Amino acid sequence: MPGPVTAWGPSIPRWFTWLLRLLFLLVAFLISVVTFFFRRLPVSHRSLPPSSSIRERSLGQSRQEPFPAMAYLSMGEAHRRITDYLSRFCDAVSSQDAATLSALLAISSNFASLQAPADALNVFQDSNQLVNQVERYAQFAEILSPLLRCLQSYRLGRYSDAYVAFEKAANAFLQEFRNWETAWAMEAVYILALEIRLLAEKADRELSSSGKNTEKLQGAGSFLMKIFGALAGKGPKRVGALYVACQLFKVYFKLGTVHLCRSVIRSIETARLFDLDEFPVKDKVTYMYYTGRLEVYNENFTVADQKLTYALMHCSPNKEANKRMILKYLIPVKLSIGILPKQWLLEKYNLMEYNEVVKALKTGDLRLLRRALREHEDRFLRSGVYLVLEKLELQVYQRLMKKIYVLQKQKDPSKAHQLKIETAVKALNWLGMDMDMDEAECIMAILIFKNLTKGYISHKNKVVVLSKQDPFPKLNGKPVSS
Amino acid sequence: MDRETNRPKKLGFRPSKAPNPSPSSSSPVRLRPREETKRDSTSSIHERRNPVLDEDEETGSPIFSYLVGTCPDMCPAKERQQRERLRDLSVFERLHGDPSRTSSKLAVKKFCRTMSNAELQEVEIRPLPVLRSTLKYLMNLVDTSDQPFEVVHDFVFDRTRSIRQDLTRQNILDDEAICMYEEMVKFHIESHKKLAMCYTKTDLASLCYLNTEQLMKCLATLFKLFDIHRRSSSLYKNEAEFYSFYVLLHLGGKIPQMGSSLSLWYRKLTLSILQSNEMRFSMTLIRYSQLGNFKRFFTRLEAEASDLQLCLVEPFLSEIRARAISYVNHSGYKLQPYPLKHLSDVLRIKESELEELCHVCGLETTMDEAGMKTLPVKQTSFSLPKLGLPVHSLSTF
């Protein structure tokens, strides 16, 4: 009996070797079957980043093409993923887990973690039936079915459809939220408010690029008002109202219908439902930023100063971009009340467009102010501070007159308080401004009227007689009187 | 995929698309899908969200069905008969002066706010050619009628509003519509001046206010039309001037608020408009007025204002002049009364009119030794009268 088996050790019965061989073959067979079967599944069970071919095909391009890359996902796995999403949703609701719930609703802001079920939805087309069949999911069918549709559309880059589906889901969710007694799901409502705006913006971009009417953002505004209405009232849900108000502001500013902010502000500030102290600081900063901006547009500089300064002071130290946005509006306000920013501030926050304006105010150089306004006209008009900066002209005139006065005082202190209009005209002409006696007199009259100069004008003698004491009072934090 | 809303299929319903960016000048542009070629009056009802031209709609965009009118006259027959019965005929519509009879050549459709579109029939809406001829008729009436101006204004004001309503209902957005709106804006601006000239009548203040309100509504719609028709950076012939009208309205103190401040309005404009001569002119005028630089204000106004711009600004000049007087009064030298002649030169007003203005504002004027009229300064009795100021036009020298 030759054979390697018998070469070593005591003799092994023949049937045993055949058994071993049989077992070996069986195992080999099983392994090959398993690998063959599981080859069709992706390697990891976590969300797989789609291959580039899928991405290219799905991003808003041809809608009739099938998605062959999706074929890598088996029906079973797709089904598993969808049910996983659905059950996570229901678990989150029953255990009042707002964090998980929010993550499931964050379609555009957290899409990476939702890509897996989104992919699955494009394979497993019958998700509606799935939702309605299972009792646990069916109770939230009004939320879940459109939510799944939204995921699916978003994955395919159809943002307009995604928005419409999300609005349905959000409406249904809001209904549920209204019925819940406590505010445990507030974080989810925040996500809802954020998402409705982001999705609407994306949808409008898509619509405008294909030449259609952009109306989704307006719809988002209406829905946000609904959320606001659900939060306004007595009870713990109040705390979210400011966040939603800020989302509304963002929408209205983007749409250009800024006057609609008024009703929101009225509800927050004058309806006496809210005490501003009970809101989180983060929301208050955003709120003060937007309302401060509105005050700038309406030229209420004292109030604008208060609000924007609050926002700046309470802004989180590492949010440099936010600070810059606040400063962009705060600086013109401060300039209007006579407070000049330091050079390093402008440099640090990259707001050098104000540099020449500041210099003009310091030196009384009207030409410089006009030049600065011309150079950055577009930028200032877009941000809406142009008219505010234009008004600084009066302060520049004041500075110039003061300089003339100071020079005169040095030359001949006894006569310094008499400023010949001719001298002012000469100075302005020297600066390159074309001015005559009448105009100079006009300017002096207005300086006196607005209390930027103390004295009177003798028209006959063509001279301005300045007060002996403090003829050019500083603004000291108050805007020019109107 | 889902449709936007689950509307049942209506007769002739199709989703609408945005207008073609370069409309042909031959056929009127309507917001209608391009596939549609036939249009019969019974089935031409379309549903469309977000009406473009609705002047009274500020916020929401309700579903709005628009019709295509078929009324052949200036006033639909049904309304004509109804108004004859009720003797509700304006003096311009009466046949031979008879308050209960009119004709299709005289009656013009009235503005009626209450009708909802669902109840309207096409035969009550006037199509574009009829609207055009109606407007022409009305403008002709303004020029030729010998009735007092307030009566003419009242009639034309209401009837043009009805024309605009018909334009909105049919969502007519083409060049023709722009021409018509421009005409109406011109009418309102000229009325603005004419009404202001007779300031002594107390109810004219509200008439002026209403006129300005309609003017602003017309302008708002006109701007929307301009926006729709904008091609690259080229502007319509008079586009910049019409934008400048909106800016110049802010020279007046008591205009109806259009919702947002001027700063916010500028944000929405394109650079080509902002840099046009007319806009620069109007923005500069606002700057001079707010600064108080009256010398430059009046010289610039005199030098550069177009006729319509002047028409618009003249009613506001009194307030500006009154302010100038108050500054002079405040900053002058007690012992030296200010010569009115000089002030009237600067303010581009006749000396006698300036004297009248001073008196109306509660200030006395005197005469000096040389017989020249002067304004004693540091008077404390300055106040703007409640009933408004007399309007004096720009006197050129």
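Helices (H or I, at least four residues) and strands (E, at least two) are taken here as DSSP runs, numbered from the N terminus. The model is a predicted one, so to speak: local features need pLDDT of at least 70 and side-chain atom pairs count only at pLDDT 80 or more, while totals for chains, interfaces and linings use all residues. Residues are numbered from 1 along each chain as its sequence is written, chains are lettered from A in the order in which they are written, and side-chain values use heavy atoms, with hydrogens and water left out.

Start with chain A. Helix α4 (residues 75–94) of chain A holds both D84(A) and R88(A), four residues apart, or about one turn of the helix. D84(A) and R88(A) form a salt bridge (a side-chain nitrogen of Lys or Arg within 4 Å of a carboxyl oxygen of Asp or Glu), with 3.3 Å between the closest N and O atoms. Over all chains, the structure has 41 salt bridges.

Now for the interface. Counting contact as heavy atoms within 4.5 Å, 44 residues of chain B touch 54 residues of chain A. The buried area, meaning the accessible area (1.4 Å probe) lost by two parts on being put together and summed over both, comes to about 4400 Å², with carbon and sulfur atoms giving 52%. Seven salt bridges turn up across the interface of chain B and chain A. D438(A) and K295(B) also meet through their side chains in a salt bridge, at 3.4 Å from N to O.

Aromatic rings are the last topic. Rings of Phe, Tyr and Trp (its six-membered ring) pair if their centres lie within 6.5 Å; planes under 30 degrees apart count as stacked, over 60 as edge-to-face and the rest as tilted. The structure holds 29 such pairs over all chains. Y456(A) and Y333(B) are stacked, because their ring centres are 4.6 Å apart and their planes are at 5 degrees. This pair crosses between chains, running from strand β2 (residues 455–458) of chain A to the loop between α11 and β3 of chain B.
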